[in-house]
Amino acid sequence: MISSVYPPILTAVIAGFLLSRLLKSTGSTRAEKVRNQLPNFLSKFLLTVGIPISIANFIRGAELSANAWIAPATAWVAMLVAIGFSSILLCEDKALRTQTRRSFLLSSYLGNTSNIGFPVVLLLPQLGEYYFGYAVVYDIFGTILGAYGLGAWIANRGRERQTESIKSIANNVASLLVKSPSLIAFAIGILLKSVALPDPVIWSLNTFSWSCIMLSLLTMGMRTEQLTSRGDLSLAVKAVSIKMLAVPLIIGALLTAFGIDGPERLTLVLQAGMPCAFAALVLTENFGLDRNLAVKCLLISNIMLLITLPIWVFLFLSW
């Protein structure tokens, strides 16, 4: 049942939120330093160690059929559809600053397919580890490239003093893929499929992997608590509506038209409908875009997931 997903996700996210708030309430300089540095430390640990080991472990039991190629293709279709919708809306409002326009674009197509997407797929009883491979391929060859390849180009495009050319961005993306712990872990997981591991090793890997999944949610809760934004929400609501309503519906319809249904379709629709990614905020801050809008999109989209998740499960497993 869908209700089995909410308790662990909400518990971990709320725990991180409350931990950050508790550190803030102490008023001490040391606690504030820990509050600011702990999410960064945990993120680096998860990126380089925790999530890669989890990916390798879960991929061992995941199904990767001949249809696996559909995951990155779906990711890019989803991103291009979102950019198309965003461009139409932005054409109607000529008064928006360039920085705001680019933040709107980034927030409307970049989704949190790892920190939230992975746990959702793993915790849903209709999906689980068996379909985890689709989520991983979607993230590695879709979201990561879309963020640090296409996203960097969008954020940097047209600046008077460009810090990166298209060629240098392409080189950075290639370097990112070659050195990517997640990609290496994915390959290791595939190789380990035919290897019989001792039960104690399997138990240890499963325990560590699930601990890291929960830790990623706790880290997200801490980061969410540290986000602050005020003002009009209408523009952010439009970006989130594109990301979490329009795009998943279109992706679901296209997959159905191409004969993809059942859990495979649901996995891809869920990835397409994940909340806005923190990568959008990272790009926004690095390229001097509209941080206020990016923060609003993050906050609204994380709340929106509680509403959209059961809708997608019902729609794309019942027809």
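**Figure 1. Arg 291, partly exposed with a relative accessible area of 33%, in a salt bridge with Glu 285.** What you're looking at is a predicted model, where local features need pLDDT of at least 70 and side-chain atom pairs count only at pLDDT 80 or more, while totals for chains, interfaces and linings use all residues. Residues are numbered from 1 along each chain as its sequence is written, and side-chain values use heavy atoms, with hydrogens and water left out. The N to O distance between the Arg 291 and Glu 285 side chains is 2.7 Å. As for the burial words, "buried" is under 20% relative accessible area, "exposed" is over 50%, and "partly exposed" is in between (1.4 Å probe, protein chains only). By the salt bridge rule, the count comes to five. In general, side chains of opposite charge can pair when their charged atoms come close.

**Figure 2. A salt bridge joins Arg 97 and Asp 290.** Here the N to O distance is 3.8 Å. This pair ties together distant parts of the chain, 193 residues apart: Arg 97 is in the loop between α3 (70-91) and α4 (98-109), and Asp 290 is in the loop between α12 (278-286) and α13. Helices, by the way, are DSSP runs of H or I with at least four residues, strands are E runs of at least two, and both are numbered from the N terminus. Arg 97 is partly exposed at 48% relative accessible area, whereas Asp 290 is buried at 13%.

**Figure 3. Glu 32 and Arg 35 pair up within helix α2.** Glu 32 is partly exposed, with a relative accessible area of 28%, while Arg 35 is buried, at 8%. Zoom out a bit and the pair belongs to a network of salt bridges that links Arg 21, Glu 32, Arg 35 and Glu 225.

**Figure 4. Helix α2 (residues 29-60) crosses helix α8 (residues 181-191).** The two axes come within 8 Å and cross at roughly 25°. Axes are lines fitted to C-alpha atoms, for helices over the stretch in contact, and angles run from 0 to 180 degrees between N-to-C directions. So α2 and α8 are roughly parallel to each other; that label covers angles under 35 degrees, with over 145 counted as roughly antiparallel, 65 to 115 as roughly perpendicular and the rest as oblique. The crossing of α2 past α8 is right-handed, which means the near helix is turned clockwise from the far one by less than a right angle, with anticlockwise being left-handed.

**Figure 5. A nonpolar patch sits on the surface.** Its members are Leu 10, Ile 14, Leu 18, Leu 306, Ile 307 and Ile 311, and together they have about 510 Å² of accessible area. That area comes from the Shrake-Rupley method with a 1.4 Å probe, and for residues only the protein chains shown count as cover. Patch residues need over 30% relative accessible area and no salt bridge; nonpolar side chains (Val, Leu, Ile, Met, Phe, Trp, Tyr) are joined within 5 Å, and like charges within 9 Å. Helices α1 (6-26) and α13 (291-318) each supply at least two of the residues. Leu 10 is found in α1 and is partly exposed, with a relative accessible area of 33%.

**Figure 6. Helix α11 (residues 262-272) is mostly covered.** Nine of its eleven residues are buried, among them Glu 264, Arg 265 and Gln 271. Pro 248 lies in helix α10 (residues 234-257) and is buried, at 0% relative accessible area. In the loop between α10 and α11 you'll find Asp 261, partly exposed at 48% relative accessibility. Asp 261 and Phe 316 are 55 residues apart in sequence but 7.5 Å apart in space, C-alpha to C-alpha.

Terms used: Salt bridge = Lys/Arg side-chain N within 4 Å of Asp/Glu carboxyl O.
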